[in-house]
Amino acid sequence: MSGGKLLETLSGTRSPTPPIWLMRQAGRYLPEYRAIRATTSSFLEFCYTPEKAVEVTLQPIRRFGFDAAIIFSDILVIPDALGQKVWFETGEGPKLEPLTDPAQFGKLSRGRLPEFLAPVYRAISEARKALPRETALLGFAGAPFTLACYMIEGSGSRDFAKVKQWAYSHPESFSVLIDLLVDAIVDHLVNQIEAGADAVQLFDSHAGVLPEEQVFSWSLEPMVRIAHGVRARHPKVPIIAFPRAVGPAALMYRRPDAFSALSLDTGLGAHWAAKELQPHICVQGNLDPIMLVAGGAALEREATRILDKLGHGPFIFNLGHGVVPQTPPEHVAQLVEIVRNWKPSTE
Ligand code: CP3
């Protein structure tokens with residue numbers, strides 16, 4: 001079996017030190033990424049060029065020897081494949097032609113998704129062939145609520161007020177969009193698994209803007225439906241859920257029937273997670289990405305504190321959110337070293 005320590009951890013086997021990979025481990029903090037990124041002006045076109053996507057997927061593995069690679073793509077390939085206009089403006093992030101009326105949902109169609117996203121699947125099968133056997137390859141998708149945020153707001157936002165107002169005032173029409181996304185995401189994850197992804201992660205990056213009741217309806221419930229849909233086709237492939245910034249509502253995601261691991265943002269205490277989450281489910285996280293910018297003694301202290309709290313149970317070392325562009329690559333090497341040299345204290 002390919003996938004090594006990460007897949008072993010996800011299936012319940014302990015290793016002396018936890019596996020490590022980092023969200024956004026491929027990206028602008030690496031000079032070799034910036035060099036190849038400069039060869040294509042459109043970010044989505046870059047994502048849809050398998051040779052380039054494979055190369056940047058492999059770059060952080062060559063440099064740091066992480067236990068997992070994550071396929072280089074973006075969560076917004078789904079609205080793009082459904083027929084919504086999506087583009088990226090340098091320095092401003094994603095832009096979409098916003099959905100303003102439920103009548104527009106009818107124009108979105110998942111029929112063309114497999115063909116439209118074929119370059120992503122080709123990149124996955126090529127990356128799987130190029131990776132060492134012991135390195136797991138992760139596929140991913142944005143969760144329905146986070147995708148709906150971008151699709152309705154038309155860009156990033158501090159509070160996604162338009163999206164929330166739609167969900168609260170017209171839950172029936174909002175659920176039409178969520179249901180379409182559930183089906184599209186199941187298709188996309190199943191296709192990634194069939195192309196060679198060893199495990200998949202669902203990013204609900206903006207779930208934290210919702211109050212708890214609504215977290216249940218618009219984040220957890222659709223993610224569980226997706227997990228069940230994927231498991232019906234591929235019962236053994238692990239699914240990692242990342243409901244970012246939901247606070248103690250993270251307790252609701254202890255759903256071994258759906259998820260194999262729960263990715264924790266920086267706001268959740270490692271001690272709390274060890275007591276409340278880890279007895280039920282493998283956890284992943286949750287170093288502050290800015291600690292990786294700081295490096296040195298601060299990084300060593302904080303990474304060791306997290307390892308001491310979570311390293312005794314089922315655990316994957318990661319950040320609480322993605323690597324930021326100003327991160328010095330040497331600090332990433334330092335972190336990998338800290339994790340690999342960690343010695344569990346006698347329990
Ligand atoms: O290494 C990896 O993690 C794999 C690739 C990956 C990217 N985006 C590449 C990317 C992954 C897993 C994502 C997920 C993603 N994309 C999320 C969920 C995770 C999270 O950060 O919360 C979200 C919300 C998006 C949407 C998105 N894509 C935004 C908001 C931006 C702009 C932000 C920025 O840093 O500029 C992107 C663009 C993007 N996606 C970049 C990368 C490397 C930077 C653009 C570039 O290189 O020109």
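Predicted model: local features only at pLDDT ≥ 70, side-chain atom pairs only at ≥ 80, totals over all residues.
**Stop 1: the whole protein.** Show everything as a cartoon and you'll find 15 helices and nine strands. The radius of gyration is 19 Å, close to the 20 Å that the globule rule gives for 347 residues, so the protein is as compact as a globular protein of that length. Turn the model along its principal axes, and the C-alpha atoms fill a box of roughly 60 × 45 × 35 Å.

**Stop 2: the ligand's place.** Now select the ligand. The space it takes up is the largest pocket.

**Stop 3: the shell.** Next, pick the 22 residues around the ligand; Arg28, Tyr33, Asp74, Ser205 and His321 come nearest.

Stop 4: Zoom in on the ligand's oxygen atoms. Start with Tyr33: an N or O atom in its side chain is 2.5 Å from a ligand oxygen. A polar backbone atom of Ala26 is 3.1 Å from an oxygen of the ligand, and for Gln25 a polar backbone atom is 3.3 Å from a ligand oxygen.

**Stop 5: under cover.** Finish with a surface view. How much of the ligand's accessible area does the protein cover? On its own the ligand has 880 Å², and the protein covers 86% of that.

Terms used:
Residues numbered from 1 in each chain as written. Heavy atoms only, no water. Near = heavy atom within 4 Å. Polar contact = N/O pair within 3.5 Å; in protein donor to acceptor, adjacent residues only side chain to side chain. Areas by Shrake-Rupley, 256 points an atom, 1.4 Å probe, with all protein chains shown as cover. 1 Å grid on protein atoms, 1.4 Å probe; cavity = no way out; pocket = protein on both sides within 12 Å on 5 of 7 lines; lining within 4 Å. Sits in = over half its atoms within 2 Å of the grid points. Helix = DSSP H or I, 4+ residues; strand = E, 2+ residues; numbered from the N terminus. Rg over C-alpha atoms; globule rule 2.2 N^0.38 Å.
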